[in-house]
Amino acid sequence: MSHILAVAPEVDPSGLLFERMGSANSHRSRYNMGMRAGGAMISKPGLGWPFDQSPFHQGERALHELYGRRQQIDFAARRVIQDHLTEQHRVFFGQLPFVLIGSVDHEGQPWASMLVGRPGFVDSTDPVILRFEADPLPGDPLLRHLVDGAPIGVLGIELPTRRRNRISGRFQTLDERGFAIRVVQSFGNCPQYIQGRDLEFLQERPSANIEHSDRLTLHDRTMLAGADTFYIASASPGGPEDISAGADVSHRGGRPGFIRIDDDRTITTPDFVGNYVFNTLGNLSVEPRAGLLFADFKSGDVTMIACRSEVIWEGEELRSFAGAQRLVRFHIKQIIRLRGALPFRAVGSTEVSTEIEGTGTWSEAVQAQKASRELARWRPFRIVKKDKESRNILSFVLEPADDGGVAAHLAGQFLPIKVLAGDDGSHLVRSYSLSEVANGRTYRISVKRDGIASCWLHDRPTGAVIDVLPPRGEFIFNTATRKPVMLISAGVGVTPMVAIVNSLLVNDMRTRHAEPIIWLQAARNGGDLAFAAHIIHKVRHHANLSAHFVLSAPNREDQAGRLADHVGRIDRDVLARLLPTSDIDAYLCGPGGFMQSIYDALLGLGVPDRQIHFESFGPARVLRKQEKIRPAGSSQLIRFGRTGKAIAWSSSFGSLLGAAGVAGVTAPYGCKSGVCGSCAARLVRGSVTYTLPPVAELDDSEILLCCTVPEGKDEVVIDV
């Protein structure tokens with residue numbers, strides 16, 4: 001009987017959506033009951049959100065639904081969103097040198113402001129009151145927005161520790177010492193994308209020069225091009241008693257170059273993976289106006305921008321920007337520049353956020369778009385790093401050796417490379433799965449030492465140059481699925497699975513796929529088990545991931561380290577125990593016999609054929625259960641001359657190679673991307689067109705089955 005070791009998650013999934021609240025106090029909603037009108041809200045005992053009404057408005061809830069997170073976010077929010085400040089956060093605000101304020105002017109335009117002062121200028125003597133004893137920066141219109149019941153958003157952010165807390169509240173009082181707000185919602189926010197900085201106050205408070213404009217100047221362009229942070233204020237309509245509406249101000253961070261100046265009144269920025277609460281995007285979906293604030297901590301300049309937003313959900317620009325989930329374009333209406341206004345300056349070096357290492361810049365995105373269009377051009381890439389993943393698998397990190405770009409790729413795709421085959425100058429073309437997500441700067445492939453090409457690659461030193469084509473392949477994770485997922489691999493077949501997991505589980509705190517992800521990896525023993533430590537690390541940080549390692553011949557070391565308890569293989573019994581339901585998406589990669597047995601077992605357990613996906617190269621093929629072949633009729637026919645079989649063409653086949661598989665015709669193939677030439681066949685009659693430009697050399701009468709489809713309506717006859 002097979003035995004499996006399941007690595008259990010160590011964290012609560014809801015705790016990953018927000019910063020943990022720490023030593024939250026026992027104060028409850030009694031502090032806020034005085035502001036609830038008509039008894040519409042019903043307080044509940046216990047920690048978290050105490051009311052029946054959702055803390056989210058319609059715009060936020062629509063995005064939760066769009067991303068399949070409604071129940072998860074609602075559950076998590078009711079645990080961690082407070083209607084008051086915890087003791088921890090009351091202390092936190094008291095030690096800050098600045099806070100961000102989001103407000104709305106009399107025309108409904110949101111503005112982002114920065115209040116500054118010596119620590120202690122923000123105070124909370126009551127859990128539902130936050131007081132600010134500071135004047136706005138000279139030239140900031142904030143005071144004009146402070147009318148009775150006005151919505152106010154607050155972001156407390158501590159740059160050295162990267163802690164932050166967000167508040168939605170309502171303006172309460174204004175006097176000669178400052179103003180106060182009443183807290184409606186408060187929650188701790190995660191530290192991702194925050195750049196660590198130390199600030200030092202100037203001896204004298206500076207005097208600011210104030211400028212107004214409706215378009216960007218050369219100075220503005222330079223400042224934006226070098227910025228790694230900005231703040232965005234947004235708002236949703238609603239009266240003072242609406243606990244789901246109000247103003248918000250949030251942080252955005254990236255590598256310098258993540259802000260693009262389109263023209264003197266337009267800028268575009270990426271939107272990276274966040275906490276899926278969608279406070280900002282939810283607001284923009286119902287009220288597209290926004291306020292931006294850029295603070296230059298070196299010069300003391302502050303730039304405030306009133307604008308209208310436009311969210312971009314798809315397109316080539318989005319696909320080419322590493323890490324971007326969406327793009328947001330801002331159309332500028334008004335700019336206020338406060339030159340030298342900040343009373344402190346950044347000192348020392350900036351501590352770069354680790355979360356932005358996998359994100360891109362606009363210059364890289366432009367280069368990526370260019371590289372993606374050169375599908376048939378071999379380019380030199382340099383090996384800049386080699387890592388040992390198992391006894392016989394090495395990872396190679398490759399960067400351009402020609403100052404060109406790195407084409408974007410999707411998790412699961414592969415990279416064609418060309419290696420020297422012999423002293424006569426001949427070459428071999430091979431395809432290796434990419435084992436890391438796109439970052440805009442490098443590729444990573446992980447290769448088992450097995451065969452001429454892989455041995456040649458293993459023997460290359462760091463600094464060696466090899467030729468590569470842009471990534472390709474159709475073994476791609478279906479990001480639209482809302483089903484549980486099984487990733488099943490053996491041996492070096494683990495490599496695309498690592499990329500898929502890394503694309504779904506981001507920054508050790510976010511998951512882009514809320515359903516269970518079941519990792520099932522087979523190897524002979526621990527020495528052959530690649531990426532095990534990485535996957536165990538992921539399991540510990542992501543509660544929806546479980547890992548199961550199956551070793552067919554574990555050694556004493558494996559047993560001592562509890563990598564596996566017993567000898568075993570992945571079979572129907574193992575799969576039956578792990579399947580949460582037959583309605584899953586399964587992804588397979590490994591030797592042909594391994595994939596065939598897993599495929600057959602999954603079918604037998606009720607998993608639909610269309611939900612089983614696999615990656616195969618060369619001889620490692622899987623014979624699918626034959627689909628019902630439509631009878632020949634008026635539809636266009638694809639005829640396979642040697643076998644006499646014919647099938648009516650369907651675009652669902654993807655290519656003539658796919659049509660052959662459905663028709664039960666065995667056709668040779670290798671890379672399935674027009675590179676290796678294994679699927680070359682003679683076109684007897686008819687016309688075809690290429691979906692990818694072919695790289696392999698062909699005779700005039702030959703075509704590549706893997707990347708051709710019929711052209712026109714005439715019958716196509718192939719000598720296969």
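The protein chain has a mean pLDDT of 88. Of its residues, 91% reach 70 or more. Residues 1-46 form one of them. In the model, this stretch has 137 contacts beyond near neighbours in sequence. Residues 627-634 are also below 50, and that stretch has ten such contacts. Where pLDDT is low, the predicted coordinates should not be read in detail.

Helix 1 spans residues 58-66. Its buried residues are Gly 59, Glu 60, Leu 63 and His 64. These residues lie on the same side of helix 1, because they cover an arc of only 140° around the axis. In an α-helix there are 3.6 residues a turn, so residues three or four places apart point the same way. The cover over the buried residues of helix 1 includes helix 2 (70-80) and helix 6 (279-286). Just after helix 1, Gly 68 has a positive phi of about 65°.

Helix 11 covers residues 532-541. Here Ala 532, Ile 535, Ile 536, Lys 538 and Val 539 are buried. Viewed down the axis of helix 11, the buried residues fall within an arc of 160°, so they line one face of the helix.

Strand 21 (residues 414-420) pairs with strand 22 over seven bridges, in the antiparallel sense. Within this pair, Pro 416 has Ser 431 of strand 22 as its bridge partner.

Another open sheet has five strands, in the order 33-32-38-34-36. Its pairing is mixed. The edges are held by strand 33 (645-648) and strand 36 (702-704). Each of these has a single partner strand, so one of its sides lacks a neighbour in the sheet.

Strand 32 (residues 637-640) runs parallel to strand 38 (residues 716-718), and three bridges join them. Within strand 38, Val 717 is the bridge partner of Arg 639, and Ile 718 is that of Phe 640. With strand 33, strand 32 pairs in the antiparallel sense over four bridges. Arg 639 stands opposite Ala 646 in strand 33. Strand 32 and strand 33 form a hairpin with four residues between the strands. In this hairpin, Gly 644 takes a positive phi near 80°.

The largest nonpolar core has 46 residues. The residues with the most contacts inside this core are Leu 224, Ile 259, Ile 267, Leu 292, Phe 294 and Phe 330. Strand 17 (residues 324-339) supplies the largest share of the core, six residues. Ile 267 has contacts beyond its neighbours within four places in sequence. Its partners include Leu 216, Leu 224, Ile 259, Leu 292, Phe 294, Val 328 and Phe 330. Arg 260, Asp 262 and Arg 329 are also among the residues in contact with Ile 267. A second, separate core has 30 residues, including Val 494, Val 498, Ile 500 and Val 501.

Conventions. Residues numbered from 1 in each chain as written. Predicted model: local features only at pLDDT ≥ 70, side-chain atom pairs only at ≥ 80, totals over all residues. Heavy atoms only, no water. Buried < 20%, exposed > 50% of the residue type's maximum accessible area, 1.4 Å probe, protein only. Helix = DSSP H or I, 4+ residues; strand = E, 2+ residues; numbered from the N terminus. Arc of directions from axis to C-beta. Contact = heavy atoms within 4.5 Å. Pairing = 2+ DSSP bridges. Core = buried A, V, L, I, M, F, W, Y, C linked by side-chain atoms within 4.5 Å. pLDDT = per-residue confidence, 0-100.
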